[in-house]
Amino acid sequence: MHMDDTPLDIAPLARPAVDADGEELTPLHPNHVKVLRVQAVLTAIPFVIAALVLESAGLLPTGAVLVPVLLLAGWFVLRTPLRRYIAKGYTMGDDRLRVVRGVLFSSDSVVPFGRVQHIDLDQGPLERMYDLATLTVHTAGTHNASVRLPGLLNADAVAMREAIRAHIRRDTL
Amino acid sequence: MTEPALSEPRRTAPVGLLVKALSGLRQSIAGMAAGIFFLRDQGSIIWVALGVIALVALVQLGVAWLQWHRLTFHVGAEDIRVESGVLARAARSVPYERIQDVSLEQGPLARLFGLVEVRFETGAGGADDLALTYLTVPEGEELREVVRAQRDGAAREIAPEAQTEPAPAQVLFAMGPLRLFTFGVFEFSLAVIAVLFGLTQQFDFLLPFDIWDWDYWRGQLAGQSAWLERLGMLARVVSVLAALLSVALLGALTGVVRTSLREWGFTLERTDKGFRRRRGLLTRTDVVMPAHRVQAMTIGTRLLRRLFGWHGLSFVSLAQDAGSANHVVAPFGRLEELWPVAQAAGFAPPPDGAKWHRASAAYRFDSMLISGLLAVIPASVLLGLGQYGWAMLPLAIGTVLVTGEWIAWRKTEHVLDARQVIARRGWLAPRLDIAPRVKLQSVDFSQGPLGRWHGYGTLHLGLAGGTFAIPGVSVERAQAVRDAVLASIAQADFSELNRG
């Protein structure tokens, strides 16, 4: 089941300076924002329910618990997914994969294909609905041994996996 | 090999469901016991127990069937692909070049049903290996042969080396009894006091008096101190010193005994297979670390040892080799003794006149500011309360912390030489880490909110079996290091490095 993937108009929102070395970063698929939004809603629901329960208990003046919780939930559902989407990007080079992510704590990881041990392609139920997939490359390192790249179109992710594999094969011949 | 069955996705053996259900039963014993306990009034205990067990077994079987139905593996032309997942689909692909070996394991239950667990070992360490639970034994062996054939066919032809007689082992580092004794003294340990304390807690009923009766002890000390007062101040000082000395002696003795037991006959040799380390008195250990698995080295020391010039050398090796990835190869020696060992593993000392890079000035300012704030806040609270005397304490602590941050900044530096990344840090107990760039796995630059504001971050160099992090690097320097590391990595593929 596919949701229609109208591209988001993100031009008015400024991109943070993630590509500090002037490299053009490929943004993720716009459907990723929808996935993040739905995840935020699902995470917020228990908290809203708990706030409602507390409200009905009547310990504090009406609205003292519910209003902040609703405001926070609104922030996380409406504003945060878009910011997280904008802060993510990747570059698929000839012999390396670079993934940039993070709003407050940004992280810029480069994995050369020659160091990739194995490749995972995962689709959660939410991602399957929007035809997205998460590509994870594993290295032999202990810290940051796996680098995740969510929000890719399934076909793109498969193509990237094949490209990485072809490179590994070429390298060892 | 042209097996037509290879090109289709296959499922694991159905009999494996039974084994999974049984082992699932074993794991949920606690839950079943709780269930039986809660339902014990519903009828005869036997029927209740049987009912609960049957229900749990059915649920386990159902879940296992669902997972089995969804798990397929595919022996492809270039990789092994395993697809699984009911709600969340996962596809893991392991290229043949990365598979070191295929191992077949049989637990007792699996052996009963003629099943085997196939594990594809990559170089990365056991935790993340691809495993297919429960194929039948013939299927498992066939799969192993196929994978080995594919892998050997895909790999370069490695010319068979002429079998020369193995070179005699060369002793790189050894510790005799005198060195062990010195080592033990520096491994001062008050562990025996903790043990004695624990023993008294357990066995205090055996003592003729109540050891926890404070009044009794106060009476004893009152008697003693009255006698001491007669002797005067000097005697009191002497008695305190004697008590401290006896504690010190006890600690040193414990250290010597523990160290001797652990490191007796320590010998490090360079054999043609790698580095061989033997040590131990009661438990003799004999470990060989293949030379090509050494990923990085560390020379470290502690405060007191450094004053006398003693350092220790350890290698970071691929996590597969032993329980702990950090292998101590020369725990206690002079620097002149340690460097030949490091050079035997291919490490080069930092070149003279190298240009060392420190963390960025903004990082220094931020860390000094944060430790200053940690002290200023309680100090201002105390000043606000009017406790001028007490407010001096956090201020003094704060000054020490801030100075410590400044010294730490001065002493934390790194450099890139022809082939390696070298980092050193610490003032009282300095530490030197060296990693050859070609053995690194990935480069990660992470910035917290302060770092993004002021233009610095932590550079994490991926290391197999350890960590190599350089904090406070400015953005430009991080670029430069990253480019150098990636250029070195591009020169060799990891499978080649691992084949030795």
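Me: What pattern does chain A follow when read along the sequence?
Reply: This is a predicted model, in which local features need pLDDT of at least 70 and side-chain atom pairs count only at pLDDT 80 or more, while totals for chains, interfaces and linings use all residues. Residues are numbered from 1 along each chain as its sequence is written, chains are lettered from A and ligands numbered from 1 in the order in which they are written, and side-chain values use heavy atoms, with hydrogens and water left out. Taking helices (H or I, at least four residues) and strands (E, at least two) as DSSP runs numbered from the N terminus, chain A has 4 helices and 6 strands. Read along the sequence, the pattern of chain A is α-α-β-β-β-β-α-β-β-α.

Me: What percentage of the residues in chain B is buried?
Reply: Buried means under 20% relative accessible area, exposed over 50%, and partly exposed in between, with a 1.4 Å probe and protein chains only. Chain B contains 16 helices and 21 strands, and its buried share is taken over 500 residues. For chain A, with 173 residues, the buried share is 46%, and for chain B it is 38%.

Me: Among contacts in chain B between residues at least 6 apart in sequence, what percentage joins residues at least 24 apart?
Reply: Contact here means heavy atoms within 4.5 Å. In chain A, among contacts between residues at least 6 apart in sequence, 52% join residues at least 24 apart. With the corresponding sequence limits, the value for chain B is 54%.

Me: Is α12(B) roughly parallel or roughly antiparallel to α13(B)?
Reply: Axes are lines fitted to C-alpha atoms, for helices over the stretch in contact, and angles run from 0 to 180 degrees between N-to-C directions; those under 35 degrees count as roughly parallel, over 145 as roughly antiparallel, 65 to 115 as roughly perpendicular and the rest as oblique. The axes of helix α12 (residues 361–384) and helix α13 (residues 388–411) of chain B come within 8 Å and cross at roughly 175°. Because of that angle, α12(B) is classed relative to α13(B) as roughly antiparallel.

Me: How do the residues of the contact of α12(B) with α13(B) divide into nonpolar, polar and charged?
Reply: Ala, Val, Leu, Ile, Met, Phe, Trp, Tyr, Cys and Pro count as nonpolar, Asp, Glu, Lys and Arg as charged, and the others, Gly among them, as polar. Residues on the α12(B) side include B:Arg364, B:Ser371 and B:Leu382, and those on the α13(B) side include B:Leu401, B:Glu405 and B:Trp409. The division is 15 nonpolar, 4 polar and 2 charged.

Me: Is B:Ser371 buried or exposed?
Reply: B:Ser371 lies in helix α12 of chain B, and, not counting residues up to four places away in sequence, B:Ser371 touches B:Leu401, B:Val402 and B:Glu405. Because its relative accessibility is 6%, B:Ser371 counts as buried.

Me: Where is A:Thr136 placed, and which residues does A:Thr136 touch?
Reply: A:Thr136 is placed in strand β5 (residues 132–138) of chain A, and at 6% relative accessibility A:Thr136 counts as buried. Not counting residues up to four places away in sequence, A:Thr136 touches A:His118, A:Ile119, A:Asp120, A:Asp122, A:Ser146, A:Val147 and A:Arg148.

Me: Is A:Asp131 buried or partly exposed?
Reply: A:Asp131 sits in the loop between α3 (125–129) and β5 of chain A, and its phi is near 65°, a positive value in a residue other than glycine. With a relative accessibility of 24%, A:Asp131 counts as partly exposed.
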